[in-house]
Each structure stands twice: as C-alpha cells, then as structure tokens.
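Dear colleague,

I am handing over the structure below, and I would be grateful if you could look through it alongside the notes that follow.

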Amino acid sequence: KQWYQRRVRVKCLGENSHLVTYGAMSNSPMSVPFGLQVFKDITLHSYWMTRWTKKHARTELEDEMFGRIAEFYQSGELTPTPYKENSFHDFAEALDNAYKVKQLFVVDKTLSDPRSFGE
C-alpha cells in the first residue's frame, strides 16, 4: 500500500518538477515509473544530510534551515518518527522489531537495568 501511495504522489507532480528524496536509509524503497520521468520531465534528486552539513556547517544557511525545521515542528507540519527506547540488553528484541518501528538504544536505560550489574 505504501508503494502505491508514493507512486500516486509522483503522478501528481507537474511537468518539469523536481522530486527530492530523503531517507533512503529507511529501507522504504521508492519507485518512479520511467514514463513519468520522460513524459513529464521529472528530475530526481537525493538529499544526504551528512554531505549537506559538511558543506554548510556553521553558516547562515544552516541557521536558517534549523529555524525552518523548528517552525515545521511547532506548526505540526513535521512530526517525529515513532520509536521505541531499548536497553542494550534487549538488542535481540530490538532487531526483531527493527522494521516495525525505529529502535533507539539508550545508555541511561541500560545503566538503570539490573542486568547491567549482574543483579
């Protein structure tokens, strides 16, 4: 279903549009039909935060970008990705659920876990 929804969104782009993808590491592949690229002249771009940050670190452009992102969060246009916090002791369960929800390993959660000290 998600693949179909992404394809429908691409179909909504006008001629000479530019589609910027972000999150290629999320294991959610995106497919753009070749016909849309040719007949609508859609140009695909990818965005890699690490490369952008290296180029624009400590510049006005970086300040502006983080300011705009903060505005998107405040207005509700951008929402955080759901995640589950885990102790390092629960790595097997986290790996089993990695494709269901983002998994974060939290040091404080690990240190407060009785298994950390052999109790």
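Of the 119 residues in the chain, 17% count as buried, where buried means under 20% relative accessible area, exposed over 50% and partly exposed in between, with a 1.4 Å probe and protein chains only. This is a predicted model, in which local features need pLDDT of at least 70 and side-chain atom pairs count only at pLDDT 80 or more, while totals for chains, interfaces and linings use all residues. Residues are numbered from 1 along each chain as its sequence is written, and side-chain values use heavy atoms, with hydrogens and water left out.

The chain holds six helices and four strands, these being DSSP runs numbered from the N terminus (helices H or I, at least four residues; strands E, at least two), and along the sequence they follow the pattern α-β-α-β-α-α-β-α-β-α.

Helix α4, which covers residues 60-75, has 16 residues and reaches 23 Å from its first C-alpha to its last, close to the 22 Å expected at 1.5 Å a residue (that is, 1.5 Å times one less than the number of residues). After α4 comes glycine 76, with a positive phi near 85°.

Histidine 45 belongs to strand β2, residues 43-46, and it counts as partly exposed because its relative accessibility is 34%. Leaving aside neighbours within four places in sequence, histidine 45 is in contact (heavy atoms within 4.5 Å) with His18, Leu19, Val20 and Thr21. The C-alpha atoms of histidine 45 and threonine 21 are separated by 6.3 Å, although these residues are 24 apart along the chain.
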